[in-house]
Amino acid sequence: MEVLNKKVIIRADRAGVFFGTLVAKRETPAGVEVELQNSRRIWRWAGAASLSQLATEGTKRPDDCKFTVTVPHHMVMQVIEIIPCSEEAVKSIESVRVWRND
């Protein structure tokens, strides 16, 4: 399945979980590195048992999720998982209000 230029959820070894458009993927000596556009860190999710369910169905409890502000361009190193998102999941994830510390 081709995932470039698609909305994905990625898990990085130490950086956490992100949602965004995958625009590049490279193998490096340190591991897989990706570039995301319009990415959000998924700090905490609810209403989905796993990231697989979140990427497939979205969240059933958007008010209990903590997804950060959108970052226009983001490089993530040591990616260990890339999960393509369904249209249903994209709508759900994008509808979660921005979590911030004001």
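Reader: Is Gln37 buried, partly exposed or exposed?

Author: Gln37 is partly exposed, because its relative accessible area is 37%, where buried means under 20% relative accessible area, exposed means over 50% and partly exposed lies in between, with a 1.4 Å probe and protein chains only. Please keep in mind that this is a predicted model, in which local features need pLDDT of at least 70 and side-chain atom pairs count only at pLDDT 80 or more, while totals for chains, interfaces and linings use all residues. Residues are numbered from 1 along each chain as its sequence is written, and side-chain values use heavy atoms, with hydrogens and water left out.

Reader: Where is Gln37 found, and what is Gln37 in contact with?

Author: Gln37 belongs to strand β3, where strands (E, at least two residues) and helices (H or I, at least four) are DSSP runs numbered from the N terminus. Apart from neighbours within four places in sequence, Gln37 is in contact (heavy atoms within 4.5 Å) with Gly20, Thr21, Val23, Val71 and Pro72.

Reader: And which residues does Val23 contact, leaving aside its sequence neighbours?

Author: Setting aside those within four places in sequence, Val23 is in contact with Leu4, Asn5, Glu35, Leu36 and Gln37. Val23 is part of strand β2, and at 24% relative accessibility Val23 counts as partly exposed.

Reader: You mentioned Asn5, so what is its phi?

Author: Phi of Asn5 is near 65 degrees, which is a positive value in a residue other than glycine. Most residues other than glycine have a negative phi. Asn5 sits in the segment before β1 and counts as exposed, at 56% relative accessibility.

Reader: Where is Gln78, and what is its phi?

Author: Gln78 is placed in the loop between β5 and β6 (79-84), and its phi, near 50 degrees, is again positive in a residue other than glycine. At 33% relative accessibility, Gln78 counts as partly exposed.

Reader: Changing topic, which residues of helix α2 are buried?

Author: In α2 (residues 87-95), the buried residues are Ala89, Val90, Ser92 and Ile93. Looking down the axis of α2, these fall within an arc of 165 degrees, so they line one face of the helix, the arc being that of the directions from the helix axis to the C-beta atoms.

Reader: What do those buried residues pack against, and what does the other face carry?

Author: The buried residues of α2 pack against β1 (7-12), β2 (16-28), β3 (31-44), α1 (51-57) and β4 (66-67), whereas the face turned away from the buried side carries the exposed residues Glu87, Lys91 and Ser95.

Reader: How many disulfides does the search find, and why?

Author: A search of the whole structure finds zero disulfides, a disulfide being a pair of cysteine sulfur atoms within 2.5 Å. The sulfur of Cys65 has its closest cysteine sulfur in Cys85, 13 Å away, which is too far for a bond. Cys65 is buried, with a relative accessible area of 7%, and Cys85 counts as buried at 15% relative accessibility.

Reader: Last one, where is Val71, and is Val71 buried or partly exposed?

Author: Val71 lies in strand β5 (residues 71-76) and is partly exposed, with a relative accessible area of 32%.
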